[in-house]
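Colleague: I would like to go through this model with you. Shall we take the strands, then the pocket, then the rings?

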Amino acid sequence: VLYMHDGQNLFDARTSFIGMEWQVDETAEELIAAEEIVPLIVVGVYNTSRRFLEYTHVAQDGSPGGEADEYGRFLVEELKPMIDATYRTQPGRESTGLAGSSLGGLVTMYLGLEYDEVFSRLGVVSPSVWFANRDILDVVDEAERPQSQVWVDMGTAEGNNPTQTLMDSRALRDALIEKGFVLDEDLLYREFEGAAHNEVAWAARMDQILKFLFPKD
């Protein structure tokens, strides 16, 4: 099972907040049919008006934020048990992933560290490493080394300062390597030339993300 944030943007352009979708369902179905990934369920968790609060692990310079722990508790203690009780899942950590983009990428990295016993496959897409003076780098540095597969990426045309955005994503990559991850083994880092910060760009690389996180043996 792959749990993904910003669920209304994943499957249907009509529900997406800017009319573009990740095309996760089409991509997953094609890869499953081609036997390039294992069969999986993708659970799209809708965001709410509290998105900024729930997708951030600390407050930033006195502004609201820092409710990621409560959001993570909801995912692990309420949503996942319901999914496992309702569908034919493999509930173990080795079969459970978490993914998202932007602040969703940030909270994926954070919750992947906090709930290493639950999630072992992390899709950290265009993460907002900049948030709270790059506090996520300190979180990685202080955490126990998770036994996970981690995908981290960034487009070269993201944000108001793409150069800084790339520096931030590379800093996260380097922090994970310092923690003990091995590049191109349990950590895959990619930069996508010309890719912007939107659902079209993320849809274009969803196949690569799924093939890394849920490969067919």
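Predicted model: local features only at pLDDT ≥ 70, side-chain atom pairs only at ≥ 80, totals over all residues.

Colleague: Over how many bridges do E4 and E5 pair, and in which sense?

Modeller: Strand E5 covers residues 149-155. Its pairing with E4 is parallel. The count of bridges between E4 and E5 is 5.

Colleague: Which helix belongs to the β-α-β unit of E4 and E5, and what is the hand of the unit?

Modeller: The helix is H5, residues 131-142. Together E4, H5 and E5 make a β-α-β unit. Its hand is right-handed.

Colleague: Over how many bridges does E4 pair with E3?

Modeller: E4 spans residues 121-127 and pairs with E3 in the parallel sense. The number of bridges between E3 and E4 is 6.

Colleague: Through which helix does the chain cross from E3 to E4?

Modeller: The crossover is of the β-α-β kind and right-handed. The helix takes up residues 103-114. It is H4.

Colleague: Which residue of E3 is the bridge partner of Tyr3?

Modeller: E1, residues 2-4, pairs with E3 in the parallel sense over 3 bridges. Tyr3 has its partner in E3. That partner is Leu98.

Colleague: How many residues of E3 and of E4 are buried?

Modeller: Both strands are mostly covered. For E3, residues 97-102, the count is 6 of 6. For E4 it is 7 of 7.

Colleague: Now the largest pocket. What is its volume, and which residues lie nearest its centre?

Modeller: The volume of the largest pocket is about 290 Å³. Its lining holds 17 residues. By class, 9 are nonpolar, 4 polar and 4 charged. Nearest the centre lie Val1, Val38, Pro39, Gln90 and Ser95.

Colleague: On to the rings. How many aromatic pairs does the whole structure have, and why does the pair of Trp22 and Trp202 count as tilted?

Modeller: The search finds 7 aromatic pairs. In the pair of Trp22 and Trp202, the centres are 5.4 Å apart and the planes stand at 35°. Stacked needs under 30 degrees and edge-to-face over 60. So the pair is tilted.

Colleague: How many residues apart are Trp22 and Trp202?

Modeller: Trp22 sits in the loop between E1 and H1, and Trp202 is in helix H7, residues 199-204. Both Trp22 and Trp202 are buried. The pair links distant parts of the chain, 180 residues apart.

Colleague: What angle lies between the planes of Trp130 and Phe131?

Modeller: Trp130 and Phe131 form an edge-to-face pair, 5.9 Å centre to centre. Ring pairs link Phe52, Trp130 and Phe131 into a cluster. The angle between the planes of Trp130 and Phe131 is 70°.

Note on methods
Residues numbered from 1 in each chain as written. Heavy atoms only, no water. Buried < 20%, exposed > 50% of the residue type's maximum accessible area, 1.4 Å probe, protein only. Helix = DSSP H or I, 4+ residues; strand = E, 2+ residues; numbered from the N terminus. Pairing = 2+ DSSP bridges. Right-handed = clockwise from strand over helix to strand, strands pointing away. 1 Å grid on protein atoms, 1.4 Å probe; cavity = no way out; pocket = protein on both sides within 12 Å on 5 of 7 lines; lining within 4 Å. Points joined across faces, edges and corners; volume = space filled by probe spheres on them. Nonpolar A, V, L, I, M, F, W, Y, C, P; charged D, E, K, R; others polar. Phe/Tyr/Trp six-rings, centres within 6.5 Å; stacked < 30°, edge-to-face > 60°.
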